[in-house]
Amino acid sequence: MLIRDWMTANVITAKEDVSMLKVSKLLQENRIRRVPVVDENNKLVGIVTDKDIKEASPSKANTLDIHELSYLLSELKIKDIMTKNPISVKPLDTIEQAAVIMLEKKFTGLPVVDETNTVVGIITETDIFKIMIEISGVQLGGVQFALQLSEEPGTLPPVLDLIRENGGRLISVLTGGYKDNDTMRDVFIRIRPMDKEDEEALIQKMISHYKVLYWVREKVHLVE
């Protein structure tokens with residue numbers, strides 16, 4: 001999955017000399033948490049987040065009156081508090097690459113730039129959540145099976161054949177959770193809603209033929 005297909009393209013940016021007060025209002029009005037900072041040619045030079053602004057704002061415990069506080073915030077520029085030369089990604093990088101960076105660096109979003117370092121978008125943790133929902137097919141309902149299968153070649157096709165032979169139609173197949181020195185893996189299979197009687201029959205066949213850890217309809221059913 002490519003970042004270009006999931007990023008927010010019409011990204012809001014700010015120039016280096018914009019005041020912290022203006023950017024704070026920009027974040028609030030657009031309900032966003034970060035703004036890429038660009039130069040006059042729209043090249044990425046930094047990024048500022050709501051956390052940066054909160055940390056740079058005077059404490060409520062200080063003795064400044066409202067006018068002094070407003071003046072201070074209007075004079076402080078974004079270039080003084082931004083993270084310079086932030087980590088960025090390209091439109092043709094993968095979502096997985098972005099997710100790894102965000103997880104390792106504890107970022108909630110990354111600016112997206114082209115080959116000239118021009119800002120063309122932003123990818124956030126919200127986008128990652130949307131992708132997870134999309135690829136899992138959870139919004140389509142149906143039943144999901146969580147199975148444990150051997151890593152040996154050819155273990156998955158028979159499972160899919162059993163589903164197909166019993167009237168099931170696939171929505172998604174996800175795999176991961178390798179165990180026992182990578183000899184076993186968890187496989188998550190979601191099928192489309194079926195007639196309840198046929199669905200129950202398929203569930204029982206799956207349990208009797210394979211190591212089903214649990215299955216999910218409206219709630220999780222653990223298999224002992």
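The model is predicted, so local features need pLDDT of at least 70 and side-chain atom pairs count only at pLDDT 80 or more, while totals for chains, interfaces and linings use all residues. Residues are numbered from 1 along each chain as its sequence is written, and side-chain values use heavy atoms, with hydrogens and water left out.

Start at strand S2, residues 34-38. Helices (H or I, at least four residues) and strands (E, at least two) are DSSP runs, numbered from the N terminus. S2 is mostly covered: five of its five residues are buried. Buried means under 20% relative accessible area, exposed means over 50%, and partly exposed lies in between (1.4 Å probe, protein chains only). In a regular strand the side chains alternate between the two faces of the sheet. In S2, Arg34, Pro36 and Val38 point one way. Val35 and Val37 point the other way.

S2 has two partners to look at. Strands count as paired if DSSP finds at least two bridges between them. Strand S1 (residues 14-15) runs parallel to S2, over two bridges. Here Lys15 has Val38 as its bridge partner. Strand S3 (residues 44-49) pairs with S2 in the antiparallel sense, over five bridges. On this side Val38 stands opposite Leu44. The hairpin of S2 and S3 has five residues between the strands. Asn42 in this hairpin takes a positive phi near 70°.

Contact means heavy atoms within 4.5 Å. Thr124 touches Arg34, Met102, Thr108 and Gly109, not counting residues up to four places away in sequence. Thr124 is buried because its relative accessible area is 12%.

Now turn to the nonpolar cores. Each is a set of buried Ala, Val, Leu, Ile, Met, Phe, Trp, Tyr and Cys residues joined through side-chain atoms within 4.5 Å. The largest has 17 residues. Phe145, Leu147, Val159, Ile163, Ile189, Ile191 and Met206 touch the most other members. Two or more residues of this core come from each of strand S7 (143-150), helix H6 (156-165), strand S9 (184-191), helix H7 (196-209) and strand S10 (212-216). Phe145 touches Val187, Phe188, Ile189, Ile191, Ile203, Met206, Tyr214 and Trp215, not counting residues up to four places away in sequence. A second, separate core holds 12 residues, including Met20, Val48, Ile78 and Met82.

Charged pairs come last. A salt bridge is a side-chain nitrogen of Lys or Arg within 4 Å of a carboxyl oxygen of Asp or Glu. The whole structure has eight of them. One joins Lys79 to Asp17, with the closest N and O atoms 3.0 Å apart. This pair links distant parts of the chain, 62 residues apart. Lys79 lies in the loop between helix H3 (66-75) and strand S4 (83-84), and Asp17 in the loop between S1 and helix H1 (20-30). Lys79 counts as partly exposed because its relative accessibility is 36%. Asp17 is partly exposed too, at 48%.

Glu151 and Arg185 meet in a salt bridge at 3.2 Å, N to O. Glu151 is in the loop between S7 and H6, and Arg185 is in strand S9, 34 residues apart. Glu151 is partly exposed, at 33%. Arg185 counts as buried because its relative accessibility is 14%.

Finally, Glu199, Glu200, Arg217 and Glu218 are linked in a network of salt bridges.
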